[in-house]
Amino acid sequence: MANLQDFDYEEIKSRIMELDYPAFRADQVYDMVLRDKEYSEATNLPKDLIAKLAGKFRARAVEVIGRFKGKDAEKYLFGLEDGNVVEGVYMPHNYGNTLCVSTQAGCRMGCAFCASGIGGLTRNLTSGEILGQVLAANRLNGGTKEKRAVTNIVLMGSGEPLDNYDNVTKFLRQVSAERGLNISQRNISLSTVGLADKIRQLADDGFNVTLTVSLHAPTDEKRNALIPMNRKFPIKEIMDAAKYYFDKTGRRLIFEYSLVEGKNSDAGSAEELSRLLKGLPCHVNLIRLNYVKEKGLRGAKDKDVDNFLAVLEKNKISATLRRSMGNDIEGACGQLRRKFLGEKTGVGADDQA
Ligand code: SAH
């Protein structure tokens, strides 16, 4: 069954009109949607309208089925109608609060270090299922549609956002619409493995979210070993598309770089990365790889991490070493969902291939 959060205001309105109710009812229904309310909480709506809507649409897209509070982040497990589970992480900062959302259940990119891709892609999330994560987290943290608790969004949960282009872009429109939650695209980061054609399309379609490219290696040889998709879209094509995105949007580019022991964290890689990015309006987010048991790869050693950053600084490449938030609650990278699914099926995630 579809859910009301899949619809934008105009779509809600036309459904209300089809049912022969006046337009102001659409405003009330949309208000209920943005506040993440159940039908039972919509006391201002006529019972017969609720009955008609409830026969066709679920009110909410996701249900919070788990909350795990860590020291600097809170992790949520969101249950979907068909029993699938995705995760999100809420990270309070002094400038606002960021929610990390998932865009697919599973992922088919198959990156060598990532837990989300281990079981492959289960399915795309609908726009409402992505929006629902934001609305649920906003409500849980005392936010309303006027005074948001969630002020920033990163599309860095499970899934490759640009592999679910239509639903993800509909979500971006919904969440940034003035009538919607009205979160500026400037406060939204879309993180991609580097689907170059879709990066261009995103720019052509008029979006101006912050583009984050998961680069993780400075040469095709090193990147091929970590990211299978690099064989389809090698670094040169990704960089050209990223520059195109910058030219169209004026938004500074962000490159993610997870430091993996023995793969991409030596000083030579830092020099190669500096050459690749020289002169580009960009920033590098370094993060030490989170160890994922199934994958066997390890995070770089402290001294290599420090040295990598120092080389970038010496070469005047803007870079910061990100703390890995939520490690204590398996907040990173698909690990909680795997753990949960493992517990549910009685197979420890640790035992799965
Ligand atoms: N598909 C998108 C979103 C992925 S998750 C993308 O590729 O960008 C967000 C980031 O976490 C990506 O940069 C991804 O490469 C990184 N990541 C995945 N597993 C990780 C791990 N175990 N340790 C550190 N970073 C990881």
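Predicted model: local features only at pLDDT ≥ 70, side-chain atom pairs only at ≥ 80, totals over all residues.
Residues are numbered from 1 along each chain as its sequence is written, and side-chain values use heavy atoms, with hydrogens and water left out. Local features need pLDDT of at least 70 and side-chain atom pairs count only at pLDDT 80 or more, whereas totals for chains, interfaces and linings use all residues.

The domain assignment gives domain 1 (4-56) and domain 2 (63-351). Such bounds come from an automatic or database domain assignment. Taken over C-alpha atoms, the centres of the two domains are separated by 33 Å. At their interface, 15 residues of domain 1 are in contact with 17 residues of domain 2. Contact here means heavy atoms within 4.5 Å.

The largest nonpolar core has 98 residues. A nonpolar core is a set of buried Ala, Val, Leu, Ile, Met, Phe, Trp, Tyr and Cys residues joined through side-chain atoms within 4.5 Å. Buried denotes under 20% relative accessible area, exposed over 50%, and partly exposed in between (1.4 Å probe, protein chains only). This core draws at least three residues from each of domain 1 and domain 2. Val134 and Ile153 have the most contacts inside the core. Not counting residues up to four places away in sequence, Ile153 touches Leu99, Val101, Val134, Phe171, Val175, Ile183, Asn187, Ile188 and Ser189. A second, separate core has 5 residues, including Ala73, Val89, Met91 and Cys100.

Helices (H or I, at least four residues) and strands (E, at least two) are DSSP runs, numbered from the N terminus. The expected span of a helix is 1.5 Å times one less than its number of residues. Helix α4 (residues 127-140) has 14 residues and should span 20 Å at 1.5 Å a residue; its end C-alpha atoms are 20 Å apart, which agrees. Of these 14 residues, 12 are buried, so α4 is largely enclosed by the rest of the structure. The buried set runs through Ser127, Gly128, Glu129, Ile130, Leu131, Gly132, Gln133, Val134, Leu135, Ala136, Ala137 and Asn138. Gly142 follows α4 and has a positive phi, near 80°.

Val305, Phe308, Leu309, Val311 and Leu312 are buried in α10. They cover an arc of only 155° around the axis, so they lie on the same side of α10. The arc is that of the directions from the helix axis to the C-beta atoms. An α-helix has 3.6 residues a turn, so residues three or four places apart point the same way. The cover over the buried residues of α10 includes β10 (253-259), α9 (267-277), β11 (282-288) and β12 (319-321). On the face turned away from the buried side, α10 carries the exposed residues Asp302, Lys303, Asp306 and Lys314. Just after α10, Lys316 takes a positive phi of about 60°.

The structure holds 21 salt bridges. A salt bridge is a side-chain nitrogen of Lys or Arg within 4 Å of a carboxyl oxygen of Asp or Glu. One of them joins the side chains of Asp27 and Arg179 (3.5 Å, N to O). This pair links distant parts of the chain, 152 residues apart: Asp27 is in helix α2 (residues 23-34), and Arg179 is in the loop between α5 (165-176) and β8 (188-192). Asp27 is partly exposed at 35% relative accessibility. Arg179 is also partly exposed, at 45%.

Glu38 and Arg60 meet in another salt bridge (3.5 Å, N to O). Glu38 lies in the loop between α2 and α3 (47-56) and Arg60 in the loop between α3 and β1 (63-69), so the pair ties together parts 22 residues apart in sequence. Glu38 is partly exposed at 28% relative accessibility, and Arg60 is partly exposed at 24%.

The side chains of Arg288 and Asp302 also form a salt bridge (2.5 Å, N to O). Arg288 belongs to strand β11 and Asp302 to helix α10, 14 residues apart. Arg288 counts as partly exposed at 32% relative accessibility, whereas Asp302 counts as exposed at 51%.
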